[in-house]
Amino acid sequence: LKEIHEQAAVSAELLHWLESAQTVTPILERIQKARHLYLVGCGTSYHACLAGAVYFGSIAGRPAVPVLAPQFIAQYAPALSPKDVGIFVSQSGETKDVLNAIEAARRSGMTIYGLVNVIGSTLTQISERWLPLVCGYEISVPATKTFTNQVIAFLYLALHMGNVPPSSLARLPELMEQTLEKVEPQISLLEQYFTESRDMYGLGYGSTYPIALEGALKLKEVTYIHCEGMLSTEFKHGPLSAVDEGYPIIFIAGPEDVPLIVSGVNEVTCRGARAIVIAEENRQIRSNATNMITLPPAGSLFLPVTSIIPLQLLSYRLSVARGYD
Ligand code: F6R
């Protein structure tokens, strides 16, 4: 809970650091010329890679391949070349799966960059260049503040590469603070619907797809409830058949995706599911969802950063409610 609450402060630290960093420009210049750009990590760090790929593609027009570290070796090692760039993402900088992927990348001669929290870790020693996450110690095993700063670092790089002035990022720390204040009381009202659940889904689309995966990971990791994250449009291709009375499904909706998400909501509520939608206030969502968790207005750019906060808090609250220390 302490680290969830630290997120706004460490995001401000990161933005401040990035503004004065000498490493950002050479990294961006190299990425721009790369044949392929790979974003590689495990667990939560991989989910940040997924969000980074959405930002690079949609803001900077730079396709990026997000990939889980062990699969990077199996799928891409034989195809890598010195023309490629990999950004290896890790809170600890010591995850063996990531270090193994770097070893394979090294043999190909590709450029290796790191996005890492622990300075002095193996990842900082073996990357050509690295950017720090500036989060301070992360003591908690479930990653929270390092995830939001990983996503913000990718957003910063994508805005620069897309020649979009990153000045709008200055309001992000305050927005994260507002999000915490706004969602905390809403989560306490809703937790009763989940305490007995054994199984649930988190569904997102576009930039909230990685958030659905990350929210599901946090829920599994600390509440021991099985929760699967998925692209919302995939739900009808099979999993929908598991839905029955009261089945909890959390949707995360961006302002541009409202019609799509509402159609997904209706598909599950007509089978009796409880559809909880995380989104900015919206009449259409409010009248179709079973419950809504309202975010402060922020627009689609910041949505991955704000929308993970209620899922982190829900994981914490449910864990406490279920009696886990
Ligand atoms: C989940 C979590 C893990 C880590 C993963 C990678 O809350 O903490 O999924 O994200 O083990 O760890 P790092 O980022 O240290 O490489």
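Glu103 and Arg107 sit four residues apart in helix H6, which spans residues 96-108, so about one helical turn separates them. Their side chains form a salt bridge. The closest N and O atoms are 3.9 Å apart. Remember that this is a predicted model. Glu103 is partly exposed, with a relative accessible area of 35%. Arg107 has a value of 64%. Exposed means over 50%, so Arg107 counts as exposed.

Why can such side chains pair? Side chains of opposite charge can do so when their charged atoms come close.

How many salt bridges does the structure hold? There are eight. Look next at the start of the chain. Lys2 forms a salt bridge with Glu6. Here the closest N and O atoms are 2.6 Å apart. Lys2 is exposed, at 57% relative accessible area. Glu6 is partly exposed, at 22%. The cut-off for buried is under 20%, so Glu6, at 22%, does not count as buried. This pair also belongs to a network of salt bridges, which links Lys2, Glu6 and Lys145.

Now move along to Glu281 and Arg286. Their side chains meet in a salt bridge, at 2.8 Å from N to O. Glu281 is partly exposed, with 47% relative accessibility. Arg286 is partly exposed too, with a relative accessible area of 43%.

Strand S9 covers residues 274-280. Strand S10 covers residues 291-295. The two strands run parallel, and five bridges join them. Which residue of S10 is the bridge partner of Glu280? The partner is Leu295. How does the chain get from S9 to S10? The path goes through helix H12, residues 283-288. This β-α-β crossover is right-handed.

Take a closer look at S10. In a regular strand, side chains alternate between the two faces of the sheet. In S10, Asn291, Ile293 and Leu295 point one way. Met292 and Thr294 point the other way. Are these residues buried or exposed? All are buried, whichever way they point. With five of its five residues buried, S10 is therefore largely enclosed by the rest of the structure.

Strand S10, in turn, has five of five residues buried.

Technical notes:
Residues numbered from 1 in each chain as written. Predicted model: local features only at pLDDT ≥ 70, side-chain atom pairs only at ≥ 80, totals over all residues. Heavy atoms only, no water. Buried < 20%, exposed > 50% of the residue type's maximum accessible area, 1.4 Å probe, protein only. Pairing = 2+ DSSP bridges. Right-handed = clockwise from strand over helix to strand, strands pointing away. Salt bridge = Lys/Arg side-chain N within 4 Å of Asp/Glu carboxyl O.
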